[in-house]
Amino acid sequence: MKTLVLVFHPHVEDSHVNRKLMDVAEKVDGVTVVDEYAAYPDFKIDVEREHALLQEHDRIVLQFPFYWYSAPALLKQWEDDVLNIGWAYGDYALEGKEIMVAVSTGAPAECYTHDGSQARTMEELLSPYEAMSRYVHASYREPFLVHGAATSTEEQLDEIIARYPTFLTGR
Ligand SMILES: Cc1cc2nc3c(=O)[nH]c(=O)nc-3n(C[C@H](O)[C@H](O)[C@H](O)COP(=O)(O)O)c2cc1C
């Protein structure tokens, strides 16, 4: 099992949670971590390089901080450029692979309920990734969520982050 973690954080140098997730992931055997904003600061994505990376791995993890109920802009650009016709669909190069998202949120988990302050669940808000995975014939796995970046203690965050290696490589 080879896992590719594509990190989409526009200010990874100021990141707390995603930086820690990257540090943890980089130490796991069989896991490749790529800082996509560092690779493409000008948003000019090398589509062939991304295709090659995706083809070399079995499980693809899209890791990002939740920004306005969505992802930082480079992930959208990445989808638009990389998941192209004749490769991702039409030819289905990702068929049989697994796609997962790993997302940090500022708000705590209880806000992401129908009765909570965000009034939507993470499952609902992340559903475009599930739909995208289905469209490209990949299987969509349960997301890894680190909630409450703004409110949790360091110990609480570390406890969740410690589960990341199992999420990356486990069945
Ligand atoms: C532009 C922007 C938009 C954000 N939107 C949300 C949001 O919609 N929901 C939320 O829970 N947190 C939101 N946040 C908080 C981030 O998700 C949070 O700071 C981040 O996940 C923490 O991870 P990091 O330490 O790696 O930056 C937003 C932060 C920024 C800068």
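## A salt-bridge network

Lys20, Glu154 and Asp158 are linked in a network of salt bridges. This is a predicted model, and the structure holds nine salt bridges. Side chains of opposite charge can pair when their charged atoms come close. Further pairs are described below.

## Glu98 and its two partners

Glu98 takes part in a salt bridge with Arg59, where the closest N and O atoms are 2.6 Å apart. This pair links distant parts of the chain, since Arg59 belongs to strand β3 and Glu98 to strand β4 (residues 98-104), 39 residues apart. Are the two residues buried or exposed? Arg59 has a relative accessible area of 0% and is therefore buried. Glu98 has a relative accessible area of 10%, which is under the 20% limit, so Glu98 is buried as well.

The side chain of Glu98 also meets that of Arg141 in a salt bridge, at 3.5 Å from N to O. Because Glu98 lies in strand β4 and Arg141 in the loop between β5 (139-140) and β6, this pair ties together parts that are 43 residues apart in sequence.

## A pair within helix α4

Asp80 and Lys76 form another salt bridge, and their closest N and O atoms are 2.9 Å apart. Both residues are in helix α4, and because they are four residues apart, about one helical turn separates them. An α-helix has 3.6 residues a turn, so residues three or four places apart point the same way.

## Helix α7

Helix α7 covers residues 154-161, and its buried residues are Leu157, Ile160 and Ile161. These residues are on the same side of α7, because they cover an arc of only 100° around the axis. Glu155 and Glu159 are exposed on the other side of the helix.

Which elements do the buried residues of α7 pack against? They pack against α1 (17-26), β6 (144-146) and α8 (164-169).

## Helix α3

In helix α3, which covers residues 47-56, the buried residues are Glu50, His51, Leu53 and Leu54. Their arc around the axis is only 165°, so they lie on the same side of α3. The packing partners of these buried residues are β1 (3-7), β2, α2 (36-39), β3 and α4.

Tyr164 is found in helix α8. Its relative accessible area is 0%, so Tyr164 is buried. Not counting residues up to four places away in sequence, Tyr164 touches Val5, Leu21, Val24, Ala25, Val61, Gln63, Ala102 and Phe144. Tyr164 and Met22 are 142 residues apart along the chain, while their C-alpha atoms are separated by 9.7 Å.

Val28 is placed in the loop between α1 and β2 (31-35). With a relative accessible area of 15%, it is under the 20% limit and therefore buried. What does Val28 touch, leaving aside residues up to four places away in sequence? Val28 touches Pro165 and Thr169. Val28 and Phe8 are 20 residues apart in sequence, and their C-alpha atoms are 19 Å apart in space.

## A nonpolar surface patch

Tyr67, Trp68 and Tyr69 make a nonpolar surface patch of about 410 Å². One of these residues, Tyr69, lies in the loop between β3 (59-65) and α4 (73-82). Tyr69 counts as partly exposed because its relative accessibility is 39%, a value between the 20% and 50% limits.

## The annotated span

An unreviewed UniProt entry places the feature "domain: Flavodoxin-like fold" at residues 1-164. In the model, this span is 34% helix and 18% strand. The end C-alpha atoms of residues 1-164 lie 16 Å apart.

Methods
Residues are numbered from 1 along each chain as its sequence is written. This is a predicted model: local features need pLDDT of at least 70, side-chain atom pairs count only at pLDDT 80 or more; totals for chains, interfaces and linings use all residues. Side-chain values use heavy atoms; hydrogens and water are left out. Patches are made of residues with over 30% relative accessible area and no salt bridge: like charges are joined within 9 Å, nonpolar side chains (Val, Leu, Ile, Met, Phe, Trp, Tyr) within 5 Å. Accessible areas come from the Shrake-Rupley method with a 1.4 Å probe; for residues, only the protein chains shown count as cover. A salt bridge is a side-chain nitrogen of Lys or Arg within 4 Å of a carboxyl oxygen of Asp or Glu. Helices (H or I, at least four residues) and strands (E, at least two) are DSSP runs, numbered from the N terminus. Buried means under 20% relative accessible area, exposed over 50%, partly exposed in between (1.4 Å probe, protein chains only). UniProt positions are given in the numbering used here, feature names are shortened, and annotations may be inferred rather than shown by experiment. The arc is that of the directions from the helix axis to the C-beta atoms. Contact means heavy atoms within 4.5 Å.
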